[in-house]
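Let's take a friendly walk through this model, looking at charged pairs and at one helix. Please keep the 3D view open as you read.

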Amino acid sequence: MAGGSDIFYGGIPVFRGFARLMDPALYAPLPDDWTVGVADIVESTKAIAAQRYKAVNMAGAAVVAAVTNALEGREFPFVFGGDGASFAVAPADLDKAREALAATARWVHDDLDLVLRVALVPMAAIRAARADVRVARFGPSANLSYAMFSGGGLAYADAAMKRGAFAVDPAPQGTQPDLSGLSCRFEVMPSARGVILAVLVLPAKNADPASFRKVIEDIVVRVEKSPDAGRPVPASGPPLHWPPQGMEYEARARRGGPLALRRAVVLTFTLWAYTLMRFNIPVGKFAPKRYLQQVVENSDFRKFDDGLRMILDCTPELASDIEQRLAAAAAQGIVRYGLHEQDAAMMTCFTPSVMRADHVHFIDGARGGYASAATVLKARAV
């Protein structure tokens, strides 16, 4: 890659320890010539009500997969939001990202029967609106890092997209994005502690930044120090059965050939993969136990993108405690929040290569998750 702003993201140091996420020193301002991409499912609430959780998550993860593949694996900051995704790209990658977004919007419409709304918003427009995008890199494990965003710029871009500004139109019918590595073979993960809690916390309008930071840090510390909450992915890895629940989506994500042939290929390949995993059969440098350990370590179950998002496996008592703390902060005009309780979590995977350790696994609630928490948040604002 060329120098200048194109190497911006790779130069941000990776921080460990999620409780540090509100430290402003960790965040670097996005270069002025970069562009922010945003995408979400239109009327995701209706899709959730129809129990199409997996399809909604697949669409959101497809945005990340398509842009990553279009950029030939180069690192760029992104965040998965359940029913969508946000990211930022350098000027040299803008055209490829636009093509990938347009193709993904077409694929989501044609293969998932959903509408993916997408936009590319220049940083110049975001800063002209007196918002900003600042980026940090959080390392959940030694294997990979992913982005955190602050500054209000993603919220501005999302609002702009929803009013139709900076829109990217779907590609012509039949256009297929490169979704290599995108899959959803694992089964849902039932709660081990009683509740899978989707948490969404945003700053209230005109909230004092220091007060908002204190609330977020308080919630994160409560969760991290409590024995009653933790990662929703079992220590031994998520359940795996054959044929997998997500087989149809994986077949539709493949390129080339009639759908029936793609289904047959996926059915055969997933049986082979299931056999290796089930009986712990190494193949070359691929070690099933090590891969499952990486799946657990690389699970993306908490993040910050102008607000806190978490999928927690916790006790009902801790869920109640979190709600009471957030309700008190909301009454003081510090936060807006939405919580959604369910009995299981689910995982959507992006694994460009099983031989590398940096595969990422997106976690959401299996009965509505982030989208339902956002619905609760919006209802409170009315």
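This is a predicted model: local features need pLDDT of at least 70, side-chain atom pairs count only at pLDDT 80 or more; totals for chains, interfaces and linings use all residues.

## Salt bridges and a helix

The partner of Arg222 is Asp218, and the two side chains meet in a salt bridge with N and O 3.3 Å apart. Both residues belong to helix α6 (residues 209-225), where four residues, about one turn of the helix, separate them.

How many salt bridges does the structure hold? There are 26.

| Salt bridge | N to O distance |
|---|---|
| Lys46 and Glu43 | 3.7 Å |
| Asp132 and Arg127 | 2.8 Å |
| Asp218 and Arg222 | 3.3 Å |

The surroundings of these pairs are worth a look too. Lys46 and Glu43 are both exposed. Arg127 has 24% relative accessibility and therefore counts as partly exposed. Elsewhere, salt bridges link Asp40, Arg117, Asp158 and Lys162 in a network.

Now turn to helix α8, which runs over residues 259-278. Its 20 residues should span 28 Å at 1.5 Å a residue, and the end C-alpha atoms lie 27 Å apart, which agrees. Which residues of α8 are buried? They are Arg262, Val266, Thr270, Ala273, Leu276 and Met277. These residues cover an arc of only 115° around the axis, so they sit on the same side of α8. What do the buried residues of α8 pack against? Their neighbours are α7 (247-253) and α9 (288-297). On the face turned away from the buried side, α8 carries the exposed residues Ala260, Thr268 and Arg278.

Trp272 also lies in helix α8. At 45% relative accessibility, Trp272 is counted as partly exposed, because the value is between 20% and 50%. Together with Phe269, Phe279, Ile281 and Val283, Trp272 forms a nonpolar patch on the surface, and the accessible area of these residues together is about 470 Å². Finally, look just after α8, where Asn280 takes a positive phi of about 55°.

Technical notes
Residues are numbered from 1 along each chain as its sequence is written. Side-chain values use heavy atoms; hydrogens and water are left out. A salt bridge is a side-chain nitrogen of Lys or Arg within 4 Å of a carboxyl oxygen of Asp or Glu. Buried means under 20% relative accessible area, exposed over 50%, partly exposed in between (1.4 Å probe, protein chains only). Helices (H or I, at least four residues) and strands (E, at least two) are DSSP runs, numbered from the N terminus. The expected span of a helix is 1.5 Å times one less than its number of residues. The arc is that of the directions from the helix axis to the C-beta atoms. Contact means heavy atoms within 4.5 Å. Patches are made of residues with over 30% relative accessible area and no salt bridge: like charges are joined within 9 Å, nonpolar side chains (Val, Leu, Ile, Met, Phe, Trp, Tyr) within 5 Å. Accessible areas come from the Shrake-Rupley method with a 1.4 Å probe; for residues, only the protein chains shown count as cover.
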